[in-house]
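Thanks for coming. I have one structure to go through today, so please look at it on the screen.

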Amino acid sequence: MIPIIDIEKEFDAEMALLILSIRSHFKTSELDEISTFIQTHNIDWATFRTYSEYHKVQPIVYQTILLSGEKFTDLEKIKNKLQQNTLRNWQLAQETERVIQLFQKANIQAIPYKGTAYSQQFYGNLVSRFSSDIDLLIDWENLRPCIAILKKEGYTPENEMELLHGWDANLKNEENEYNMNLCQNDLRRFHVELHWSIGNSEIDFSDEATSLLYTKPEKQILIHDKILSLSDDSHFLAMLFHHAGKDVFSFLRNLIDLAQAAQKMDENQWAKIHADIEKVGLLHSYEMASKLIKQIIGVQIPKLIHVNNSTKTHAYFLQTLLTPDKWLSKKSKLANIYNFMYKRILLLDSKFRALILILRHVNLLIKPSIKDYLFLPLPKRFHFIYFVIKPVRMFKELFAKNN
């Protein structure tokens, strides 16, 4: 575990306090260390809140700060932010349960993952994990009925992807989720993501990876009723797939999620998790997560002895995770694509998969997307024109951003 004094020297006092608060949650540091740190440092609380919000760790960080009992200038703001997060999570949990029950009435199975379901399952409450969306795993065959049910409830599609792809295999293979919003007074109240695959357009997980999540689903209480849920080891896998593939461990919440769940696993579950990780080629991702969790939080999850990322690679991920200039600066879209692609390559187990990933990213830059259809809707027989429209649209977006 990196000493707090070293984090302060290399980064700043606000980042050091953030890490100290996270460690207090995991009992790898004491509450009185937070009090002492606040008393002996001139904390910029606005910066501290910015860091907390970016890394999506407000609930546990604010909770531990308040538990320390220390008085400071932004105490009331911290309390108010925590209350807002608590209320929002309860609303999200209620809507999650309501939507699942609507689907159940139509004999459709939907399993929640991430969000408040993860918070309840591994934190033991609905309010210790920051959540913003409702993520549901469904069978592909149930997508259209689910959309119809949500439309009756006032939800509208975020992007009608079927306009570009149609309802055939193209949509199933090119996308992995269909997003819908419930708005009130022009403000989004709820965002529901219907997932038929755990993969995404940037990184390709096989159907086998998704099927691994459905092993022995269990019924667990979210608020009032027991709903079908992922088993502990499956939910851990889902988060590893998501955080390695989509987030590339860019947020402290990614590590907290895995460290929190790891505390519930037994030896048999770890054996299954390691076997499943190897099947989908994410041993390096797991090893990277394990190393970062140990360095930053001080929690040790079971090691994979035969996997070893380089010290240089570990240092790179640590720097991009904790250095504000790396994630607060406004980069161009191409710079972000390059950065994410490079990190994804480092997290893959084989050079062949890395090559496939590069080709997929190049394909994404060339291939038309739903944004191109919305830019200029055309009948399907003219969709070849989108190969010309896409670079024009991207240049227009880049020009607008730079101005």
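Predicted model: local features only at pLDDT ≥ 70, side-chain atom pairs only at ≥ 80, totals over all residues.

Residues are numbered from 1 along each chain as its sequence is written, and side-chain values use heavy atoms, with hydrogens and water left out.

The chain has 21 helices and seven strands; these are DSSP runs numbered from the N terminus, with helices being H or I of at least four residues and strands E of at least two. Its radius of gyration is 22 Å, which agrees with the value near 22 Å for a compact globule of 403 residues. That radius is taken over C-alpha atoms, and the globule rule is 2.2 Å times the number of residues to the power 0.38. Of the 403 residues, 54% are buried. Buried means under 20% relative accessible area, exposed over 50%, and partly exposed in between, with a 1.4 Å probe and protein chains only.

Now the sheet. Five strands form an open sheet in the order S1-S2-S5-S4-S3, with mixed pairing. Two strands pair if DSSP finds at least two bridges between them. At the edges are S1 (111-113) and S3 (156-157), each pairing on one side only. S1 runs antiparallel to S2 (residues 134-137), and three bridges join them.

Leu230 lies in the loop between strand S7 (226-229) and helix H12 (232-247), and its relative accessibility is 0%, so it counts as buried. Leaving out residues up to four places away in sequence, Leu230 touches several residues, including Ile111, Pro112, Tyr113 and Leu137; contact means heavy atoms within 4.5 Å.

Next, helix H19. What does H19 span from its first C-alpha to its last? Residues 351-366 reach 23 Å, close to the 22 Å expected at 1.5 Å a residue, where the expected span is 1.5 Å times one less than the number of residues. Ala354, Leu357 and His361 are buried in H19. Seen down the axis, the buried residues of H19 fall within an arc of 55°, so they line one face; the arc is that of the directions from the helix axis to the C-beta atoms. Phe352 and Leu359 are exposed, on the face turned away from the buried side.

Last, Thr313 in helix H16 (residues 311-322). Thr313 is buried at 14% relative accessible area.
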